[in-house]
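Here's a quick briefing to read alongside the sequence and the 3D view. Have a look at the structure, then go through the points below.

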Amino acid sequence: MEVIFGNDSVSLCAGAVISCVYIVMISDFIFHAVRHGIRGMSIFRLLSFVGAVALVLSGLAFHKSIYCSMSLDIALSSMIILVSESAGARYQEEIPMAVLASVLFVLAVGISVMRIALPEEAGDGGPAHMTAVLSVSMILYCLVRAISDFSDIRRFLKGMTARKYAHAVVTGHFCILFLSLAFLGISATAFDGFVRQFLSLFCAAGMTVLHIGLYRRAGRDSVFILYDGYEPDFSGRMEQVLHPPGGKPGPDAGYRTTYERLNALFEDKKPYLDSDLTISDIARELYTNKLYVSKSINLCSGKNFCQYVNYHRVRYSMELFRADPRLKVSQLAEMSGFHTVASYNMAFKLLMHESPGEWCRRQRFMGGEQFEKSES
């Protein structure tokens, strides 16, 4: 594979700049993993950057210059994130997609080792051609999956959310950009001089920007990259298109399914015990958006999100008291996820029509009134 600049100092600077960019992103991943833990397939973001560093540095060391296939190396590493993300709307495909993403990481590391271990005449064409074939193949695969997702509008009308539809559309655009840069990088070798240098560097820089964009989208669990405020606006408009207003509609199958999954989540994991719980946290757990969660709760229970969460917190506090009548009101408030005793008193009185202190006294001296009887 022909090189761009046969200059060791330029190669060293390029390697240092790209390595610093990826090291910053790896550090950012580790920082957030320590604070919030590793969820789902987020580990593949780290593997993607490690694979990119291995491929780029091995390529720079092998060619001793900035080389033309650098953009394809970055594209192959980016596909690790894109493949792992493509299982988001299909729970049954998480394991196969995780295996495929792992295979891509192993291949990236293997190509890096081949460049260093093989003789120069054997390691030039083979790894470069392998990277080109793998990159283009995986980009086409992700593009086909994205097109398959957003082209089946009936599936979205039957319960898929506007956010998932938007996610598939944006993924398709990512794939188109990756594919365009990959073919542009490959075609750069047909030119000579400044044109080849400019096209190759442009493609390498473009691939790096797209790679960081993928990380940003996956790390923040968002659809759009540059403007977060556009996501709720887009989701709201899509919901109006899919479910036009006209009186108060009853909950359809999609909202009922979301509400049932929400109930199962609250029963199994008890997320309401986290005093900092937000509707965004729940939307991420259910792989949907805030608007869909809020509307599901409203249509199926008649409550808003705060009332729904407080309902479960109050019920849990009552179960705690029944198990140990020695608990104080302040202890019940803290153990059931309320920030303050005042907010606990307000939520309890709104639901039970009496203060928690009065209810606790009645439980101690009168044998316990059933929660369901007083539920509003």
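**Salt bridges and surface**

R284 and D281 pair up in a salt bridge, with their closest N and O atoms 2.5 Å apart. Keep in mind that this is a predicted model. The two residues sit three apart in helix 12 (residues 279-285), so about one helical turn separates them. R284 itself is partly exposed, at a relative accessible area of 34%.

**Other salt bridges**

- The count of salt bridges comes to five.
- D73 and R115 make one of them, with 3.0 Å between the closest N and O atoms.
- D73 belongs to helix 3 (residues 70-85) and R115 to helix 4 (residues 94-117), so this pair ties together parts that are 42 residues apart in sequence.
- Both D73 and R115 are buried.
- R315 and E267 also meet through their side chains in a salt bridge, at 2.5 Å from N to O.
- Here R315 comes from helix 14 (residues 305-323) and E267 from helix 11 (residues 253-268), so the link joins parts that are 48 residues apart in sequence.
- E267 is partly exposed, with a relative accessible area of 40%.

**Nonpolar patch**

- F191, F194, V195, F198 and F202 make a nonpolar surface patch of about 530 Å².
- V195 sits in helix 9 (residues 193-219), and V195 is partly exposed, with a relative accessible area of 38%.

**Annotated transmembrane regions**

- An unreviewed UniProt entry places the feature "transmembrane region" at several stretches, including residues 43-60, 95-114 and 194-215.
- Residues 43-60 are 100% helix and 0% strand in the model, with the end C-alpha atoms 26 Å apart.
- Residues 95-114 are likewise 100% helix and 0% strand, and their end C-alpha atoms are 28 Å apart.

Conventions: Residues numbered from 1 in each chain as written. Predicted model: local features only at pLDDT ≥ 70, side-chain atom pairs only at ≥ 80, totals over all residues. Heavy atoms only, no water. Patch = residues over 30% accessible without salt bridge, like charges linked within 9 Å, V, L, I, M, F, W, Y side chains within 5 Å. Areas by Shrake-Rupley, 256 points an atom, 1.4 Å probe, with all protein chains shown as cover. Salt bridge = Lys/Arg side-chain N within 4 Å of Asp/Glu carboxyl O. Helix = DSSP H or I, 4+ residues; strand = E, 2+ residues; numbered from the N terminus. Buried < 20%, exposed > 50% of the residue type's maximum accessible area, 1.4 Å probe, protein only. UniProt positions renumbered as here; feature names shortened; annotations may be inferred.
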